[in-house]
Amino acid sequence: MAEARRVRAAELFGQGRSGVEIARMLGASEESVRRWKRVWEEGGADGLRRRPATGRPPKLDDAQVERVRTALEQGAQAHGFEADLWTLERVGLVVERVTGVVLSRASVWRLLTGRLGWSLQHPERRAVERDESEIARWIAHEWPQIKKGR
């Protein structure tokens, strides 16, 4: 929407309208219109269009991210880890093996949550000796007896 206002302002500059008039028509401040006009005079209407965000480019390109996704979906045990549980350190090792790029823990977290869309999961803790059928029997037969005694 902001870009559309700036582009409309460029059209109005071309028509010779005053800055005050353009500001009133577009609901913008006069200072913004003056700034837009300076940019328009230097670079034309393209100068007022939205530019992609600047900053450091990501260490992994899209193809590398997909290779990492494929590797992670195989599970941790497929990569030589004892338990099938992913940690930031383990994911970082797999990223390094698959792409040759070393990432910090924070970068691994951003990769997992941002680019891969994964979320934090905690494993469900259950005793190895747990017997579901015995639990169901106890709830059905013994618990009602205990509850009656109250």
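Start by selecting Trp143, which sits in helix H7 (residues 132–148); helices are DSSP runs of H or I with at least four residues, numbered from the N terminus. This is a predicted model, where local features need pLDDT of at least 70, side-chain atom pairs count only at pLDDT 80 or more, and totals for chains, interfaces and linings use all residues. Residues are numbered from 1 along each chain as its sequence is written, and side-chain values use heavy atoms, leaving out hydrogens and water.

Is Trp143 buried, partly exposed or exposed? With a relative accessible area of 32%, Trp143 is partly exposed (buried means under 20%, exposed over 50%, partly exposed in between, with a 1.4 Å probe and protein chains only).

Next, go to Gln64 in helix H4 (residues 62–73). Gln64 counts as buried, at 14% relative accessibility. Show its surroundings too: beyond its neighbours within four places in sequence, Gln64 is in contact (heavy atoms within 4.5 Å) with Lys59, Thr99 and Val101.

For the last stop, select helix H5 (88–99) and helix H6 (105–115), which each supply at least two residues of the lining of the largest pocket. Which helix gives the most to that lining? The answer is H6, with 3 residues.
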